[in-house]
Amino acid sequence: MIEATGGSIDIEESFKAVEIDSTSIQSNQQVILDTTEIPKILLPLISRNGQPEVLIFNVEDIKRLRDKYGILGILIGTLAQYPQQNFFLSVPLKLFIWEVIWLVESGYAQLIDQVNYRLDKAKELQSKGKLQNNNVIVMTKKDPNSKSASQLESREANFIVTPNTDSHKYSKDYRTICADDYEVSLKDYLKSYIESTSLSQNQVRSYYQNFKYLKKQGFFINPGLKFGGDLVLYPGDPLRFHSYSIVKFNMVDLQDFVVGGRLATSVKKNIVIIGDVDESEEDGSTEEVNDEFIQSLAKEPKKMSFSIEWSGFG
Amino acid sequence: MAKRNNKQQLNKIYANALPVTLSSEKYGIALPNLFPHNPISWLFYLVRLVQVNTLYSVPQSTVELVNVKYEDSIFKVTDEESIAKLWRSGFFGKGTLSRSEPTWKERTINRLNLEENEANVVSMEEVTSKRRDERKKFKTERSKLQDLELKERKGDISADEAIQLENLRNVVPNLRSANFKPGFGNDNKDTVIRLEDLELIESNILIKNLEFLQLQAIEVFFLKFALNVVQVSNLTMKQLFYECCLLVENSPSPNVTNKFILDYVVYHHYRSLGWCVRSGVKFGCDQLLYKRGPPFTHAEYCILIIPNDGKEKYDWFEMAAKARVIGTVKKSFVLVYVDFPTQAKFDLLWNSEEYEDEGQRFHDILHSYKVTEVLYRRWAPSKTRD
């Protein structure tokens, strides 16, 4: 707790933090270029047994996901400076299920049990005596009498600053110790996911393969609820491109065609329907999420897609 | 002035809200006014009432029933007079070759410039296509203008282009001004007669009408059950009902939640309340409610019918999409939940031998259904806030 009593107090720590961040990102990029072995991104899994959710707080990881893998996710936090707007949001980044499966399956990331990982890490650090308060906050006190020379006063802050998440720079030493031990397998994740939704296993597989199929074509993909579809496709980063397609999985109803076509055209897009060429694949109707199911995710069945546009509007 | 004439004309054409003939219309008689405080007026009223009911037959019974053919799961009306009657009083059915009102014949006569074309009527389809052409023209002109403006900004514009730019600047804004109406009449296009057209005309007169009026199942049953103005290919009312149910789902006896029955319940509900109900397929919902009818106003409400069985019929994605589509066309989205009786109760009424009057059976069956309306509005908090 800092109380500002008389005169303004600048906290330089925050500026420092920013500097550290930018340098670390640069160095990180170099690392990616230099070495062939890229550390996997950690996907912190929250609420592992209820409704599993992957929330990423590490800005570096978010940047890497976006730049390198084209994975967007959705920012769901509030910007502290502009708490009233909800157009541009801040960390954490929420990944949706297809993105998570794709990242894990492609070997770019690993799921970790965030709650236990953090608890144990804290314990370990404590026992090793590494968890100590070494944050020093430098405050400038403006003296109304002497304008030129500002008095510097250093004192120990009475709060603990821990790095946001496990950025690679901070965590390198204990990451190798812990993170792998808390890895959650894709199987466990999907098991609890399927339990918490109305989707069946076959649907999850088929939809994921739709996602993968589109990802392979190089699209950037966002969830499409706001356009009444399952996904929205962007030809590149959404910050630079408008989307031009809404994707809907397995559309059968005539009304859906009408609604989809009308809606898409009114927002200057088209609607893409995507489905399996061969429907007979649906043999694995077992209730259990087993290894076979996980392996079947990696298969690449033939997909077929159609786009619909409403020609009525001038 | 033209607008008012138009309105009067419409009022005249569409004077009847339903295809039923009233005594006042047919015989020019009406019951006198009744004044509650004046006993003589009661007496007069009674006398006239008896008179009207004994001397004159009920006009509806003297009018011939409209013939509806049931072929290939489609209800067709082919007779031109019947088509006009069903369309003009209550807006029933849809022309199979037109957007809604059967105008194929008029349009063909117009297109081929045949002799019958005196009134020079302009159908809604022609207005639309005209408007689209104008819009396309506006867009090409505008893009030309924008190209030239870009050149001007960059500074490499020739003298010719500068003149062209000046012209476009004057023309383009007018193309889209509020008062702009596409013009008709003076652009006499050359008549193009295709090979197919030769089969249709004989000595400059149209001899075939390829179009017929197609009725929805719910419309046919309403005309039969509620108004009794149609005869459907020798089907009795019960057979008709069953056929309609079969269109949706094949079962030995109608299921209580058969989509046809639910649709009909809602259709009858709104027709009884005086709305003009038409299919909502073009906006992805079940029905549309018009205050008077399509020529008068746009539809105000889009109806989505949901059986009240506690199951989720539409998921969030579908609801979001529908609501968005309906929102953009400035209509209100109404979810109509239909409560239905148990299957046992339905079967009892359906199979009962007691009914002499089939109408009474369906009256009782439909009475066991209930509708509840919920108005749904898409609301984006971030965009609605000031």
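Colleague: Fine, what should I keep in mind before we start?

Modeller: This is a predicted model, in which local features need pLDDT of at least 70 and side-chain atom pairs count only at pLDDT 80 or more, while totals for chains, interfaces and linings use all residues. Residues are numbered from 1 along each chain as its sequence is written, chains are lettered from A and ligands numbered from 1 in the order in which they are written, and side-chain values use heavy atoms, with hydrogens and water left out.

Colleague: How many helices and strands does chain A have?

Modeller: Chain A has nine helices and 13 strands, where helices (H or I, at least four residues) and strands (E, at least two) are DSSP runs numbered from the N terminus. Of the 314 residues in chain A, 41% are buried, and buried means under 20% relative accessible area, exposed over 50%, and partly exposed in between, with a 1.4 Å probe and protein chains only. Among contacts in chain A between residues at least 6 apart in sequence, 67% join residues at least 24 apart, a contact being heavy atoms within 4.5 Å.

Colleague: Is Q209(A) buried or exposed?

Modeller: Q209(A), which lies in helix 7 (residues 201-216) of chain A, counts as buried because its relative accessibility is 6%. If residues up to four places away in sequence are not counted, Q209(A) touches S296(A), L297(A), K299(A), P301(A) and K303(A).

Colleague: And where is S106(A)?

Modeller: S106(A) sits in the loop between helix 3 (97-105) and strand 5 (109-113) of chain A, and with 31% relative accessibility it counts as partly exposed. The C-alpha atoms of S106(A) and A298(A) are separated by 9.1 Å, although the two residues are 192 residues apart along the chain.

Colleague: Switching topic, how many residues does each chain bring to the contact between chain B and chain A?

Modeller: Chain B gives 23 residues to that contact and chain A gives 20 residues. The area buried between the two chains is about 1,700 Å², with 55% of it from carbon and sulfur atoms; buried area here is the accessible area (1.4 Å probe) that two parts lose on being put together, summed over both. On the chain B side, F317(B), R324(B) and V325(B) supply 32% of the area that chain B buries against chain A, which is more than any other three residues.

Colleague: How is chain B divided?

Modeller: Chain B is divided into domain 1 (124-182) and domain 2 (254-384), with bounds that come from an automatic or database domain assignment. The C-alpha centres of domain 1 and domain 2 of chain B lie 46 Å apart.

Colleague: Which residues of helix 13 of chain B are buried?

Modeller: In helix 13 (residues 343-351) of chain B, the buried residues are F346(B), L349(B) and W350(B). They lie on the same side of the helix because they cover an arc of only 100° around the axis, the arc being that of the directions from the helix axis to the C-beta atoms. An α-helix has 3.6 residues a turn, so residues three or four places apart point the same way. On the other side of helix 13 of chain B, A344(B) and L348(B) are exposed.

Colleague: What do those buried ones pack against?

Modeller: The buried residues of helix 13 of chain B pack against helix 10 (237-248), helix 11 (259-272) and helix 14 (358-367) of chain B.

Colleague: Where do helix 10 and helix 11 of chain B meet?

Modeller: On helix 10 of chain B the residues are F241(B), C244(B), C245(B) and V248(B), and they meet K259(B), F260(B) and I261(B) in helix 11 of chain B. By class, this contact has six nonpolar, no polar and one charged residues, where Ala, Val, Leu, Ile, Met, Phe, Trp, Tyr, Cys and Pro count as nonpolar, Asp, Glu, Lys and Arg as charged, and the others, Gly among them, as polar.
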